[in-house]
Amino acid sequence: MSSITVRATVPPGRYGSYGGRYVPESLIPACEAVAEAFSEAWADPRFRGSLTALLSAHVGRPTPLTPAVRLSAELGVTVLLKREDLTHTGSHKINNVLGQALLARRMGRTRLIAETGAGMHGVATATAGALLGLPVTVFMGERDVERQAHNVFRMRLLGAEVVTVTTGSRTLKDATSEAMRHWVTDADEAYYCVGSVIGPHPYPMMVREFQRVIGDEARQQCAAELPAATPDYVVACVGGGSNAAGTFAGFVETSAKLVGVEAEGGSGAANGEVGVLHGFRSLFLQDEHGQIREAHSIAAGLDYPGVGPEHAYLRDLGRARYVTASDGEAIAAAVRLARAEGVLPAIESAHALAWVVRAAGTPELPSGSTVLVTLSGRGDKDVTTLIAEADLG
Amino acid sequence: MKLLMPYITGGIVPGWTAFLSAFAHAGADMIEVGLPFSDPTVDGPTIQEASDAALARGTTPASVLADLAGTRVGIPLVASTYANIALRPGFGDALAAAGVSGLIVPDLPLDELAGLDVPGVQVSLLASPATPDDRLAEIGRRSQGFVYAVSVMGTTGERDRLAPSAVLLAARLKQVTDLPVLVGFGISTPQQAAEAAAAADGVIVGAAVMRRILDGANPAEVGAFVASLRAALSPVAPVR
């Protein structure tokens, strides 16, 4: 397949029929302000320079590309791990948050608000707030507060206020709704730091741009590592889809096959239908009456019933494939990577590995293939879950 | 005479359409009927609770519209719901079949209206205190039936006092449209209704109605509240 361009043929904020800006009138000026500010900042070498400096000095970028030698031998495919788990704060979320926090400061906003699922985006936002001197309020579903107590404490330790959301399914979906409700009340002062490639325009595009550092680095690293320069497959887990969007951005114009792995119970791209939620049109799990269904996953970061609009578009184009992995497969993959490579991935990231483990040696992922897997985060936060769920044999 | 449009979450309790008749008898000019959605991001706690309660007892947008089709109220009914419901195929036909004359979709701004297909139904747009002048004029031009002036930067829900932004926005809207301007979000008492209506053509009252229904008030009791709003808006006794 020759390289294809998947953007630039549609109006800003649209990915085919997906995306858009489905927000109340009250939020239109705030969205427009963010879009305008991002557009200016992204074209400003000083802004880019400040972000690059922070990503280097504070986050530890570039992150390594690690050949998974023993796992590769076991599976019969060459697995390369893009190590976002080694970033400061432990997940790729920090890439986006530092970009948005710098933008918020450039816009003269005085505080940050954020939603969080597993707590990684909340921790990253709390970290950026501490670093740049901006107060942070994080909205988190009650179920996630219970299962990610460690991250709740980290956010508070960093000086953030954590608001427990008790409505609906009490997970990421409801935390996002509550953050949007709060944003309306203080849109002049508060900057809403969205954690994934979701939300009204410009968020899906902007978050992808802040995350594309993952894909851009990985593409260069693959060129140095692989005789064919690009891997045959590029695999990442997908909740809203930010680490996948950032990874895919580096490879969408290559011949690599793109695979997004969703949680079985949170598979908006694989099993969703067209709908509108949280400001954007995309694919969402919903019932026959148009009510959004609750997602269920052991990985709080994948517990979202929809998927970013660009993923829906890439799916329709056939440019990326979206598959699922179960809770059990993800846990087994996390343990397997820990034992084979000495790397404990986040349960979210383990979904991407789980698909590789399942598909390796089948026509889906033939023996001898080269596979880039983005490890979006590290598994320290999941140890409590693993104590309860993992069978160590 | 000032217009009064109370709101009810469709399907909130068994026999909920009795509230529609009570509102009409109490002097309402129109009624806004909410088709409950699982994720009401523009609503505050009261209408969130009402939506959840309605959904929990098996209410669907279709069941609300079916209830409306079998009810004669004698005043116009305006449906309100979220974009995910309103943009579903067949929604326009279902609205028309139910005899609904208007529609409000709070998360479907001007820029996304093209996706909405509801022939024969007047789509009323919302304007907010943050809406700039040029956009306000466009909303005035493209709105149908009336313009919904969102009183405050926030979600629906009762408030202690009318926000100063409500009067300001109503006055700005009156300069750009000949349609009636109705003020909504947070109007909780007859006095607030009178204050808001002084600068506008009428008011929309939602959470204050729904809190009473959630607390167990019957149609006559909520009708009495609506009558008190009516009395505050005009000295004329409601027609019975």
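Q: What makes β5 and β6 of chain A a pair of strands, and do they run parallel or antiparallel?
A: In this predicted model, five bridges join β5 (residues 111-116) of chain A to β6 (residues 136-141) of chain A, and the two run parallel. Pairing requires at least two bridges, so β5(A) and β6(A) count as paired. One of the residues involved is A:Glu115, whose bridge partner in β6(A) is A:Phe139.

Q: Why are β7 and β8 of chain A called edge strands?
A: The open sheet of four strands runs β7-β6-β5-β8 in chain A, with parallel pairing. In that sheet β7 (161-165) and β8 (190-192) each pair on one side only. Direction ignored, neighbouring strands there are turned by 25° against each other on average.

Q: How do you know that β1 and β2 of chain B are paired?
A: Three bridges join β1 (residues 3-9) to β2 (residues 31-34) in chain B. The criterion is at least two bridges, so β1(B) and β2(B) meet it. B:Tyr7 stands opposite B:Glu32 in β2(B).

Q: Why is one side of β5 and of β6 in chain B left without a neighbour in the sheet?
A: The order of the nine-strand open sheet in chain B is β5-β4-β3-β2-β1-β9-β8-β7-β6. β5 (122-123) and β6 (126-127) of chain B stand at its edges with a single partner strand each, so one side of each has no neighbour in the sheet.

Q: Which helix of chain A supplies the largest share of the side that touches chain B?
A: The contact takes 26 residues from chain A and 31 from chain B. On the chain A side, α8(A) gives the largest share, six residues.

Key: Residues are numbered from 1 along each chain as its sequence is written. Chains are lettered from A and ligands numbered from 1 in the order in which they are written. This is a predicted model: local features need pLDDT of at least 70, side-chain atom pairs count only at pLDDT 80 or more; totals for chains, interfaces and linings use all residues. Two residues are in contact if their C-beta atoms, placed from the backbone, lie within 7 Å. Axes are lines fitted to C-alpha atoms, for helices over the stretch in contact, and angles run from 0 to 180 degrees between N-to-C directions.
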